[in-house]
Amino acid sequence: MDVRRRAVGWSVTLTGALVATVVVSAAIGPIRIEYVDVGKAILNALAVPTGVEIDSVSMPPFWWDVPRPTLSLRPLFGFDVHGPHESIVVDLRLPRIALAATVGTGLATAGAVMQGFFRNPLADPSIIGVSSGAAAGAVAMLAFPHLLPFAQLRWAAFVGALGAAGLVYAIATDGGKTPVATLLLAGVAVQTFLGAVISYLLVHSGDGLRAAVYWMMGRLTNGAWNDVGFALPFVLVGVGILFTYARDLNVLLLGEGDAHHLGIDVERTKLVLLVVSTVVTAAGVAVAGVIGFVGLVVPHMMRLVVGPDHRILLPTSALSGAIFLVVTDTIARSGPVEVPVGIVTAAVGAPFFLFLLARKEVHAL
């Protein structure tokens, strides 16, 4: 079977698994909802745009009135759903599930790209300081909200993530070239420094300590449609761009010298992969906090199943990342006491990573 047919086959299979996972997850909660009602509620939420309305919104810091376009929508279906179940599914559970799927897609795809880019099975999206930068921005916002009274938490985390990755890249680049080993060491150094900054901020965070700690453990608790609207465009566009570089990632695994002789613009390709992976990761971390192991474990899982070819590995990692985070978040909110999803991903990811170490499969890039 050729690569294209294998990629399509796996993508169709995993898309079906993702749809089934979403329906099952939306049915689980303090109020159990029948799968049929979940399906009807999701279909009722589908709508087509019928026009655009323009209103205005005040923007900081001077609260100017700026025009804001709003789409007029018409529902596609009108199924009858029992009692308040439709509101529970569409307004409470589906936004959180959609946010988990969006973040999982971005983290897993960026993780597969980072492992291929660094030719290192231990690489994940946080290796160039993205997660540490986002955490520093978010903790600073939560600890000292009066310093940035007009900023939002997700924008503080997003800017912090991009700033940290940009700093790592600037330190590692010399004469237009960015050696991978230098980039890796610069990432470790910046992460260590930002760890000290975060610890200092936590010590002085006062009433913001609890919120900051919960954010750093990963949180989807308050996931809403506006969070999905913030992250989804970055993830969709970024993942789409990364898919187009699957062949280049395969060639880079041979080494930068061989990739150059095979016609790859190595430095330009590395820059695009780093920038896009950083933006995708930053968008996910900004709305969901620091969620570990998704970017590390999911690509390894799929590499064991579909092999190392990035033309298959990237789309399957994206879909599997969405499934993995939706499942772990469902587990996180299904116990007697809800726990941050980062605890569940780590509890699942760490044993699996030890299993890979025992089987020495982590060398199979």
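Student: How many residues does helix H13 have, and how far does it reach from its first C-alpha to its last?

Tutor: In this predicted model, helix H13 (residues 310–332) has 23 residues and reaches 31 Å from its first C-alpha to its last, which is close to the 33 Å expected at 1.5 Å a residue.

Student: And how many of the residues of H13 are buried?

Tutor: Of the 23 residues of H13, 20 are buried, so the helix is largely enclosed by the rest of the structure.

Student: Switching to the nonpolar core, which residues have the most contacts inside the largest one?

Tutor: Those are Phe118 and Ile128, in a core that has 94 residues. Helix H3 (residues 85–118) gives the largest share of this core, with 16 residues.

Student: What is Ile128 in contact with, leaving aside its neighbours within four places in sequence?

Tutor: With those neighbours left out, Ile128 is in contact with Phe118, Ala164, Ala165, Val168, Leu183, Gly187, Leu274 and Thr278.

Student: OK, aromatics now. How many aromatic pairs are there?

Tutor: The count comes to 7 aromatic pairs. One of them is formed by Phe77 and Phe79, whose ring centres are 5.5 Å apart and whose planes are at 15°; planes under 30 degrees apart count as stacked, and therefore this pair is stacked.

Student: Which residues form one aromatic cluster with Phe158 and Phe234?

Tutor: Trp155 and Phe230 do, and together with Phe158 and Phe234 they form one aromatic cluster.

Student: Last one, where is Asp248, and what does it touch?

Tutor: Asp248 is placed in helix H9 (residues 246–252), and it is buried, with a relative accessible area of 15%. Not counting residues up to four places away in sequence, Asp248 touches Ile264 and Thr269.

Definitions and conventions:
Residues numbered from 1 in each chain as written. Predicted model: local features only at pLDDT ≥ 70, side-chain atom pairs only at ≥ 80, totals over all residues. Heavy atoms only, no water. Phe/Tyr/Trp six-rings, centres within 6.5 Å; stacked < 30°, edge-to-face > 60°. Core = buried A, V, L, I, M, F, W, Y, C linked by side-chain atoms within 4.5 Å. Buried < 20%, exposed > 50% of the residue type's maximum accessible area, 1.4 Å probe, protein only. Helix = DSSP H or I, 4+ residues; strand = E, 2+ residues; numbered from the N terminus. Contact = heavy atoms within 4.5 Å. Expected span 1.5 Å × (residues − 1).
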